[in-house]
Amino acid sequence: MEERKIETIYKVYGYDELTAEDRELVDAAKQMTQTSFAPYSKFHVGAAIRMDNGNIVLGSNQENAAFPSSLCAERTACFQASALYPGMPMRKIAIAAWTRLHQPEETPHELCFQKKPISPCGSCRQALLEYEAAYGPIEVLLYGREGIAVLPSIASLLPLCFTTF
Ligand SMILES: [Zn+2]
């Protein structure tokens, strides 16, 4: 028997420590939460993808009464990115979320954003991984009010991932 270890190393930045370009991407993800359609979860998620040509492609979560028909912000964004720019590498994705659930009514909007970074669900990791495997690493910026977690790739979020068969 052999024991193996899986380790993920990531960095946490203050907003002001990010490059201007990354701040723009994080701001875009935060802004996109406003377009979320989340009547069921009341959890508003935004995603912004920096394409290889510098453009930003956006997405937000879209829910449906038939719950499995809903789509997360990350997949809304990456499917849109691939549809608009087929074959173009996605360099970075920023993700942000807020909710008013469990908050006093007078809580300012900015403080409704998650304190700790939120992370993509397994299905979104799998979907993003496919583009990463095809076109190169996608850096991940996860917004939290206490800091922005930065991971080097989708694969670092999905160890022992399924790629091809
Ligand atoms: Zn997801």
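Helices H2 and H3 count as roughly parallel to each other, because angles under 35 degrees are given that name, while those over 145 count as roughly antiparallel, 65 to 115 as roughly perpendicular and the rest as oblique. The axes of H2 (73-84) and H3 (residues 122-135) cross at roughly 20° and come within 9 Å; such axes are lines fitted to C-alpha atoms, for helices over the stretch in contact, and angles run from 0 to 180 degrees between N-to-C directions. The crossing of these two helices is left-handed, a term used if the near helix is turned anticlockwise from the far one by less than a right angle, with right-handed used if clockwise. At this meeting, Glu74, Arg75, Cys78 and Ser82 of H2 contact Cys124, Ala127, Leu128 and Tyr131 of H3, where contact requires C-beta atoms, placed from the backbone, to lie within 7 Å.

This is a predicted model, in which local features need pLDDT of at least 70 and side-chain atom pairs count only at pLDDT 80 or more, whereas totals for chains, interfaces and linings use all residues. Residues are numbered from 1 along each chain as its sequence is written. Helices (H or I, at least four residues) and strands (E, at least two) are DSSP runs, numbered from the N terminus.

Six strands form an open sheet with mixed pairing, in the order S1-S6-S5-S4-S2-S3. Strands S1 (11-13) and S3 (56-60) stand at the edges with a single partner strand each, so one side of each has no neighbour in the sheet. From one strand to the next, the twist averages 20°.

| Strands | Sense | Bridges | Residues opposite each other |
|---|---|---|---|
| S2 and S3 | antiparallel | five bridges | Arg50 and Ile56 |

Helix H1 (residues 20-32) lies across S2, S3, S4, S5 and S6, and runs at about 145° to S2. Its buried residues are Leu25, Val26, Ala29, Lys30 and Met32, buried being the word if 20 or more other C-beta atoms lie within 10 Å of a residue's own, exposed if 12 or fewer, and partly exposed in between. The buried residues of H1 pack against H2 as well as S2, S3, S4, S5 and S6.

How values were computed: Two strands pair if DSSP finds at least two bridges between them. Two residues are in contact if their C-beta atoms, placed from the backbone, lie within 7 Å.
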